[in-house]
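Keep the picture open while you read.

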Amino acid sequence: MKINFDQVSLQNSSMIKTSTPVENANTKAVQSISRPVDFLSGENTVIRDKKEKKTFEDISAGAKNIDVDNLSDYRTLMANTMSEEDYKKACEDGFDLGNLDHKKSVTILDRIKAEVAKSGKDVPGFTDDLDEETVAEALGSDTLARSITSALGSENVPVTKENLSGIKLAVSMAKSIDMLTDTAVGAMVSKGELPTIENIYFAVNSTSEKAGANAPSFMIQGVSGYMTRLENTKDAPLTEGEIRDVLEQSGLEKTEENIELAGMALKNNIEVSDENLDKIKTFKSVDFPLSVDKLSKSIAAALAEGKPAVKADLTKEKSIYKKAAELFEYINSPEAEKVDAGVNAKSVPGSESLSRTRVLTEIRLKMTAEVNLKLIASGVAIDTKDLDGLLENLKAAEKNVAEEYFADAPDAVEKYEEWTALDKAIANIRTFPAETAGINEGHPQDISLNEFYDKGVLIKADFEKAGRAYESLLSAPRADLGDRITKAFANVDDILSDLSMDLNEENRKAVRILGYNSMEITSENINTIKQAVDTVKGVVDRLTPATTLSMIRDNVNPMEKSFAELKEYLDSRDEPFETKAVSYSRFLYSLERDKNITPEERDGFIGIYRLLNQIEKNDSSVIGAVVNAGAELNFENMLAASRSRKVKNMDFTIDDSFGEAVEVIKSEKSITDQITAAFSAGARNITEGISGDEALEEAYGKEYEEFRMTAKDFEPEIKQALTKSDIPVTPENLSSATAVLDESNFIYEKIKAKEEKLKGKSDINLSKIKADLPEDKDAFTESYRDFLSDVMDSLEELGEAEADSYIDVREIMLFHKQLSVASGLADADRYAFPMEVNGKIFNVHLSFEKGNAPGTVQMTVERNGEVEEVYLEIRNNRIYGYLTGNSDEAINELASAVDIFNKQIKEDATNNLEVEAINVIRKSQKDPDYTRPGWNREVPSDLNTVEKHDNSTLYRIAKMMLTSIKK
């Protein structure tokens, strides 16, 4: 493979926020889509002077203070550029994209996309509601549809409705361009535009050859590259001699190509310079009409980088992700070593040749997927022959990436290098030969991860040096090794039978490992090796990139810790309910898709999963309780122990009849019955997935579609509410806040209904918030959060003990997340709660705030199936506002409520407020253009004076109005 990175053309310009100003009758206007990438220089891309290469630092120096919020809508980026493969990879790496803020999401997504591109996979990206036939119908051509979908798959871009809409518009515009005129090129170059579909379309349709033909002639005017207009020669064409003079003044070679390009530049009033001639040459390289293949690849590359399809650069057929992958492949290929050796042989002594090899080695170490991507995205010219220059640029790019992951850390680069080295080590450990289980006599828990790794590398190297195939430690034997393993260990089952041990694959592998290490095959050694494999696997599987990133941020380097210390650290981490629920939901989805298990077996698997979850939750203390009591260590006794720990005011004596505590369980079908109906062995295999990769892949796909829906646009006020409450602006938080603040969405009733469905009853007390609200706002907020905490605890118990379907668990997760966000929104004085009044439950949404604007109280109350609105504001100690209802009965009741409220205000000695005007109107007749709702007369001039009121006062007003409505 030959790659030329000596020149980076216009397509490597930075990506900025743009919008598409055109639409047609059949296509919605393309939304503003963009993505944040550092080193932004605007649409006027940095064009390198051929005589002076710019470094990464030169290009990025002016981009340090750019606010990503002003550059892109990252939710659109996540919804329309993240593929299902990206989502799956993010999950496997431990990153929860739904709970990352926009900057972290984009950083992680870049990492993921770079890794996927490096793998070389083509990823078909059809979503649930689109397929190739739909795409063909939209684009009007089967050939174009196949080409587009193939290009999108190659670039790892999903075929979403939004993307298809943009593609349709871009294709329509591109097809209308028959040729690119010199005048159009001149217009775009003079404006500093890129050769995008949109720019070329507008340039071609707003210029004419006639205008270009009548362009004036010029004369040289001292300044290099410029000529001044000749008064009497407007129609005279420039001579070749005049053009040569301009090239000489500009310090450019007088080649035939430059003469042609310079003539075109002068004809269009463009300065003759090296970079402008490069721009013209770049534009002229685009041939019209466009081929289907070229158009498809350009559009796919644009979409991969988060740009609208109409912003596709027609000189670009690969995204930055693909270019980064190709550079990575080249640098790590033997060809790079040959090129370097050839250069060294010609120009440097042997001792320096060794130094150059070290430079290449260092380049390979620093060229992680994301650093490589950052370098390509910067637009810096990459010369693979100039290894020193490449290394310096990589160091600068690495520093930039490191500061994204380890912000404000003085040793960010060192921490980043620790993290990436650990990532590579973990990946390598998975491929170690099975013999490594015998390291430290089968006790890896007592040595550091680094020591285990170093020894494993040597063992693996010995196999590779001898050209011997080997069985992997942490995976099933390769298919091509199956026969050889069977023949080499034909008597394994006999050995296990003689030792009275189960004939399962775990025991067989332990025997093989003992054989590999020439260790005595005894039941004790078999158990030791099994524990060693479990120890390594248990730690390695949990050391995901997300986990190790967190550890290094906490100044914990996993490579320096023993396996025992790592397990202790990992066990001590408080895993959120949502994280555990995701794992459980995928497990359930696998069971639901597996047609080879019976309902009884399915119940058994769920029972064992729940038991193991309880054991983990209680730090394995239930096992200790059973063992210490001298009872048999079986599932039933462990389950009984875990249940007894959950029952308050109970003192059990554990003996051989310990299973009698089973009746404590609330579920209609006890977990014991579920386990007994199936079997009680192979717990590890059960929890790691029953039905194979296919069902789990479908589970990821289902979650991916759910995630895409949460990454859509939201109202600005939702984002403002989160920001004011110091809640991270993430897709899931935005979605949850929208649900909480939706006046028609009464989530507590839905939660209660879900609990009643699963348990047959509900323990959630919706009447905890009583009619007599506390006088103090802080006391109200505390009681509100206590109520939310109780409901969230009920949801967690419901998810762990009762839910046994994928849909139920996902819905419980959703409710839990919404309540978590609701608790945080209280910091912004936004509340959603049920309230008991005379034995009935009202659903209330309440918000109030102070500031430079008048203090306001906004509230909705759902009662008797109707939603009533309240808006109050204070100006100069006078209360104005309105209440709305739908029926005559509601209007009359609200009018009475206003009278009661007025009376309460007059009797309240804690303030000097008075009611000026509160109208009661029918909701359907409310004027949406009210600037100051609540009065229908001119506002007195003194009301322009705003007296600030703290939120405690606003709370008391809200409480009085709510009390008035309830009466």
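## A strand and its neighbours

Start at a turn: in the hairpin of β6 and β7, which has 2 residues between the strands, N876 takes a positive phi near 55 degrees. Keep in mind that this is a predicted model.

The hairpin of β5 and β6 has 2 residues between its strands as well, and there N864 takes a positive phi near 55 degrees.

| Strand paired with β6 | Residues | Sense | Bridges | A residue pair across the strands |
|---|---|---|---|---|
| β5 | 855–863 | antiparallel | 9 bridges | E862 opposite V867 of β6 |
| β7 | 878–885 | antiparallel | 7 bridges | Y882 with Y871 |

Now for β6 itself, which covers residues 866–875. Is β6 enclosed or open? Since 10 of its 10 residues are buried, β6 is largely enclosed by the rest of the structure.

## One lysine in a loop

Next, hop over to K316. You'll find K316 in the loop between α14 (292–304) and α15 (320–331). Buried or exposed? With a relative accessible area of 3%, K316 falls under the 20% cut-off, so K316 counts as buried. And what does its side chain touch? The side chain of K316 makes a polar contact with the side chain of E305, at 2.5 Å.

How values were computed:
Residues are numbered from 1 along each chain as its sequence is written. This is a predicted model: local features need pLDDT of at least 70, side-chain atom pairs count only at pLDDT 80 or more; totals for chains, interfaces and linings use all residues. Side-chain values use heavy atoms; hydrogens and water are left out. Buried means under 20% relative accessible area, exposed over 50%, partly exposed in between (1.4 Å probe, protein chains only). Helices (H or I, at least four residues) and strands (E, at least two) are DSSP runs, numbered from the N terminus. Two strands pair if DSSP finds at least two bridges between them. A polar contact is a pair of N or O atoms within 3.5 Å; within protein, one must be able to donate a hydrogen and the other to accept it, and residues adjacent in sequence count only if both atoms are side-chain atoms.
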